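The following report describes the strand arrangement, backbone geometry and chain contact of the structure shown below.

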Amino acid sequence: MREGARILGLPLAAWPRILAPLLMATLLLGGWEIAVRHLGLPPYVLPGPVAIGGALAADLPTLASALAVTLRVTALALVAAVTTGVGLSLLFSGSRLMEMTFLPLAVMLQVTPIVAIAPLIIIWVDNVQAALLICAWIVAFFPILSNTTAGLNGTDRNLADLFRLYGASRWQTLWQLRLPWAMPFFLAGLRISGGLSLIGAVVAEFVAGAGGTGSGLAYRILEAGYQLQIPRMFAALALISLAGVVIFLALSLVSHLALRRWHESAVGKEH
Amino acid sequence: MPPTALAASTPETAAPPLVGLRGVSKRYANGTLAVQGLDLEIGAGSFVSLLGPSGCGKSTVLRMIAGLTPPSAGRIDWPRGTPRLGFVFQEPTLMPWQRALDNVALPLKLARMARAERHARARRMLELVGLADFAGSYPRELSGGMRMRVSIARALVTEPELLLLDEPFAALDEITRFRLNNDLLRLWGERRFTAVFVTHSVFESVYLSQRVAVMAAHPGRLHAELPVEAPGARDEAFRTSPDYAALCRTVSTALEGAMAA
């Protein structure tokens, strides 16, 4: 491949991917700020980006510790979702009866809005952190379960025959064929679940409305709302969005690193 | 039998065949009769093609010989004991997450051979198919023809006595297919395995085999067995010879008969 011109070590062709969204963001924020000033909107109706940035800087210690609390629930929920999702899909792929028995339950959990179940869970579970974790887990585990199950059941038939032909044990087939085959499916599910566990955690915090020292970002938003500190509310919101984007990018990177040698989705357009 | 003595159309000698199919039928669970009453003997060291239109059950026959699917009637005899098998699928059927070397070594790994030993053998096989320099490449970095070579190397790595090939070159371009045909013949000559080759190409079946079993469809059955008597080497000269053309015409006529039957 021809070695093209580079700027700051990045090939020329890679820059639009970075610059285009940055330009879009700048225009959006600039337009927002100008509109707020031009229309003379008071900050308690709609603060401009500058005011929000100011609030973020001023309240950073509080907001950062709240972010840490929310991220902790998010991370634990994601770990729980991966463990249970992969575990259940192994169980499902091993036994059709298990799948028929438990899949409807999993679907029901998935389609019932979490805001509707969260109050119940918060009533039933004494420990608030545990209740938040359960809510976030309920939202996050289904994509991993359904994707991994699809991957485990979708193994190439010829490869499966080949393993049979060479007398592979069930264990060998699982470790050397079905699990690697399911990997891209699992990773696609993981990327969705990462964002969902954050959403689940925030929704549950909203419903719980748990205050005090160990409270997360959602509570900070509620609190700022009650106190009509709208810029602060937006600052917390911005942090949540930012956290979501970072989670997505991190999981995309994990997926890319895991698949770059072999899977078409990680190849890009070089071929 | 020396590899160049291709007149093995002689009714298989007194020695018992490697495998004999007797009245073999296959009916699938949905009721389709894929194969009906098939009798076929395959002598040790021979190269036999199963030729027929799609839907004639030739792949099913191969899968039954491989033990991947049981016949619903009839039996498959192994008078010399069950041989070691190699199977080449229509698609290269490689594991995309493994390097070419590890793909070739798979059968040995499943047999729990030590890593160094299986890698040495896999490397030798890759050399044999002309891919010594690509041991570390992943399948998606290889061309279609190279992937198929890896697949053949994998099938040969266990030193099989019986190599089953299910339309292995159907998806390749003609130039690559010709080259792989020659490679396959060379390997067969060197390694003396028995080959059963499923194809829907008259030209390929005549070029490669000592005997062509022509199959008819609906239900799949044996229509004719034709010897391919062509002394001398099978090479580009043979491919363009009048003998080859005449043989192709004979087989082609038989195939037409099978389609009309």
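Strand β8 (residues 211–216) of chain B pairs with β9(B) in the antiparallel sense over 6 bridges; strands pair if DSSP finds at least two bridges between them. Arg211(B) has Pro227(B) in β9(B) as its bridge partner. Strands (E, at least two residues) and helices (H or I, at least four) are DSSP runs, numbered from the N terminus.

This is a predicted model, in which local features need pLDDT of at least 70 and side-chain atom pairs count only at pLDDT 80 or more, while totals for chains, interfaces and linings use all residues. Residues are numbered from 1 along each chain as its sequence is written, and chains are lettered from A and ligands numbered from 1 in the order in which they are written.

Both strands belong to an open sheet of 6 strands with mixed pairing, in the order β5-β6-β7-β3-β8-β9 (chain B). Its edge strands are β5 and β9 (221–227) of chain B.

Pro219(B), in the loop between β8 and β9 of chain B, is joined to His218(B) by a cis peptide bond with omega of about -5 degrees. Two residues other than glycine have a positive phi:

| Residue | Phi | Loop (chain B) |
|---|---|---|
| Thr93(B) | about 50 degrees | between β5 and α2 |

The contact between the chains takes 15 residues from chain B and 18 residues from chain A, where contact requires C-beta atoms, placed from the backbone, within 7 Å. Elements giving two or more residues to the chain B side are β5 (85–88) and α2 (100–110) of chain B.

Note on methods:
Contact = placed C-beta atoms within 7 Å.
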